[in-house]
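Please read this briefing alongside the sequence and the structure, which are shown just below. It begins with a question and then goes through its points by topic.

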Amino acid sequence: MATQNAMVAQDESYGSSSDEDEGRSATFNAGYTEVVDSSSSEDEAAEEDEGEVLEQEVSEEGSEEESEEEDDEDDDDDEDDEDDEDDDDEPRLKYTRIVQLPPTLFSSDPLSTFLAHDDFLVFATHGGTLYVTTPELEPIRTYRAHSASILSLSTDGTVIASASLDGRVVIASVNDPKDISASDFLRPVHAVSLDPNFQTTRTFVSGGTACSLILSEKGWLGRQTDTTLFHGEGPINSIDWTGDIIVAMNDSGIHLYHAPTRSRISRIALPKDSPRPDLYRPRISWISPNKFLVGWAYTIWIVKVIKTGETKAIGQGNMSPLMSERKSEVETILSIDGLVSGVLKYDDDSLLILTYNPPPPPTEEVPRPLAQTPELRLVSPTTGEELSADQISLRGYERLGANDYHLGVWSANSKGFPTAPNSGRKFYVLSARDGVIATERDENDRFEWLLERKKYEEAWYMSEGLVEDNRRREIGTKWVEQLIESDDWHAAGLTLRKVLTATPIPPVSSSEIEEEETELEKSLREEWERWAWAFVTGGHVADIAGYLPTSAPELSSVIYEMVLGHYLNNDKEQLYKFLDTWTIDLYDAKSIIALMENKLKDEDDRKLRQNIAKIYVAIGNPNAAIRHLLHIQDPAAIDLIRDQHLLLSMLPSIPEIMTINVSVEELESAPVAVIREKSAEAVDLVVEGRLELLPERVVEQVMKSGMEVMAFLYLERLQMMDPFASQGFSDLLVNLYADYDRPKLLEFFKKSNSYDLEKASEICEKREYIPELVYILGKTGENKRALMLIINRLQDVDQAITFAKAQDDKELWTDLLDYSMDKPKFIRALLEQAGTAINPITLVRRIKEGMQIEGLKTALQRILHEYELTLSIAQGAAMILNGEVEGYSEQLRSGRARAIKFDIEQLESFKATDTLLQFPCGHMFSEQSLLAKLRAIQVNHDVNAEEKVSEQDEVWPGNKDGSGYPVGIKSVAQKVTHLAFIKEKMRGSPDCPTCKESKAKQRL
């Protein structure tokens, strides 16, 4: 359905200048257009002139009254249609009324035709005047070329050709007023078209009521030669020459001519049901060099010209006619429900059509019905489907006809063919009385259209980068209001976050942190608070809570508190999520704690207490947090106490801390091992804090609470971690071990020496803990009593033997043997232990003859076998030892007998009287220098000790001459003795001194 475009306002109606009625023509008279019947004489027309004008005024008044009645009806209809406005498609074009042209145009001298070129525009009138302007409608020149209506214009970019009812074709320069020529054809000329190469060929075609298509060209000496391309079949209504194709239209249809050969390509017939061809002007526009559009009456053709071969001559000789290898093909024929007053290509998928909607048939009530508003439509070129339509309210449209409307397009660098969309195109929609410029809508136009239609969501998304942040935020809030009006609070909350967070807040530098909030932050905060109050007070907390900002801007604390209070009473899980997400400085923590603790009076909620504890910790009151955690036995209290070093302040709660992982039932009935495992972390915490909280105070507090088992576990762990700190509790530990973990009591007795043996003995004797009592008696020296307990109470011969071994007391062994001689079981056990602590011969001799001892033979065999084994091992060891002794002895003898090679060159540096010694490494020393070095190394590590050796240094005191050094030949015995003396001096430093010093330097 066509839509009324609001940008084009309806104006008063004017007299008709329509050529729709048969036999009517326009003549120029007194500066306005007057319509007369061609069948009447000029005198009759003059006599009726005044009456016509009066009748026109009356009809205008009547039409105004009719318009008012129709406006009243339209007002009622508009109310019904308001609900459908939101469903209207967005218009593709926007419109601007033409106001820059001279005032006489459209008023006293109505427009008759229009031409658009890349460089200029031409407006022609019924008075024969041409207005040439720039594309911006600034005047270039104005001239009157004809005395009657101009019906056709053509240009090659340099000159303008105009055809008129006065029978003339005038060709004038665009810029040079002197460059003008005229051709008079003596009959009204309806159409003219210049050769695209007019500047070279000076050729044009024209036609009109003479029913001939005439090709005119300048010959020698400037004489014009006219050639009739065809004649008959009705007046020529329209002509267009593009490229080498001439398109001409008359009553018989659409004719295509090949200009170079001046031959007809084809003829396209009109539909059988089409109206009289001469009533409506055909409209032609080219899509491409070989494709064009024709709009005529109710039909649109899309015609394609196909080149089938090269142009060739017919016959022989230079003067032979040429034949064109061209044919035409009608791609599409569209039927339109309106008279076509203009057609252009809009884009690849649509055509732009200006349609005229004729008035309804006259009735008695309305003898002169008014024409309807013309429409500018976008139509699919393949299906004819209407894509959009705008009603164009041009002034005086009520009394105009289809031929009074014109559609043209201007685009820079178009070269006569359509340009791409959004390339700055201007579509001129003109009538005899008015004109508008239609341009393609840009994003600003779409944006404003969305706002007019209250499509705030699309407008908001589109506004990014298009408008300022404040304007964009205003649009967003209208979107939110729209959602709330539709009761979609959830979407409104989400949208509000999008809108108010779309404006980024610049980061604050460290120097600006203490300053007041910026204007932007203040504005956003106030907007957030306004909407937050609306949601909260409206009962839609859940729809806004998750979107509230927590920083930049930060809202009033009351809003956050109201949200938390709402969830405390309605959804605790959501409350906990917000407490985890929101920082403590957003709300008054004490107020929230008070609400939560008050809630605990109605129901003791474990998770609620945990969150109360979190808040207490956040505000710096961990002691209060621990009270809640201990109440619910939450192990988190342990970490909190450890991290905050709160053990000292927790003394009254030590029992609760130690049993935080142990239930009351487990404490009363569970095995100690279970309690130990579950309380290990808490007990370790208290033990680790023994320097803060003394063990004496801990034990006192725990014992006071009646939790002796926890006191035991505490002391047990303390004794393991710090035995010194637990020494004062040894006697208590003995009692607690006896009560709660007897298996470890004996081990405790063995490890500890700080308990009272007498008290320990009493405890064990009272509880009849015999193994433990035996150990205590052993430590107190009551070995015989202990042995008797083992034998009589435990009847454990192995333990008795072990005890006797441990005490290493002969009398105790005697007592054991005396007691065992009448007990075969004991005798056998003693035999098995014989050979280590008991002489087996003594034991066997004391066995009474005839006593039946089970396993005696086996025991004796084992004793004999062990004896043989021991003897064999001893003999083997002796053989090995003797072999090694012999080997080392032989090595010693070989070494002593082996000669040592001395280097003669080295000998020259020694005295003949020196006793020389050489090490395996090859270094050689005199006895005097070697002993001096060894002495220096042993005493002061002085490398110059050799120079300090005096006669008193210890050297071999054997045969000496006056100098005190050994001389003469020695016997073997003397040599052996001398060598032994030197070895004795080298004891502790058997290595070569030189090598030793070298290794020391390498290590450094």
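Which side chain meets that of Glu90 in a salt bridge? The partner is Arg441, with a distance of 3.9 Å from N to O, where a salt bridge is a side-chain nitrogen of Lys or Arg within 4 Å of a carboxyl oxygen of Asp or Glu. This is a predicted model, in which local features need pLDDT of at least 70 and side-chain atom pairs count only at pLDDT 80 or more, while totals for chains, interfaces and linings use all residues. Residues are numbered from 1 along each chain as its sequence is written, and side-chain values use heavy atoms, with hydrogens and water left out.

**Salt bridges**

- Glu90 lies in the loop between α1 (42-81) and β4 (93-97) and Arg441 in the loop between β33 (435-440) and α3 (443-452), so the pair ties together parts that are 351 residues apart in sequence; helices (H or I, at least four residues) and strands (E, at least two) are DSSP runs, numbered from the N terminus.
- Glu90 is partly exposed at 22% relative accessible area, whereas Arg441, at 17%, counts as buried; buried means under 20% relative accessible area, exposed over 50%, and partly exposed in between (1.4 Å probe, protein chains only).
- Arg717 forms a salt bridge with Asp684, their closest N and O atoms being 2.7 Å apart, and because Arg717 lies in helix α19 and Asp684 in helix α17 (residues 680-688), the pair ties together parts that are 33 residues apart in sequence.
- Salt bridges that share partners join Glu90, Arg441, Arg446 and Glu458 into one network, and a search of the whole structure finds 39 salt bridges.

**Nonpolar cores**

- The largest nonpolar core has 127 residues, of which Leu548, Trp582, Tyr587, Ile654, Met710, Tyr714 and Phe749 touch the most other members; such a core is a set of buried Ala, Val, Leu, Ile, Met, Phe, Trp, Tyr and Cys residues joined through side-chain atoms within 4.5 Å.
- Helix α19 (residues 708-721) supplies the largest share of this core, eight residues.
- Apart from this core lies another of 42 residues, among them Met249, Trp286, Leu339 and Leu344.

**The chain as a whole**

- The chain contains 34 helices and 35 strands, and buried residues make up 44% of its 1004 residues.
- Among contacts (heavy atoms within 4.5 Å) between residues at least 6 apart in sequence, 52% join residues at least 24 apart.
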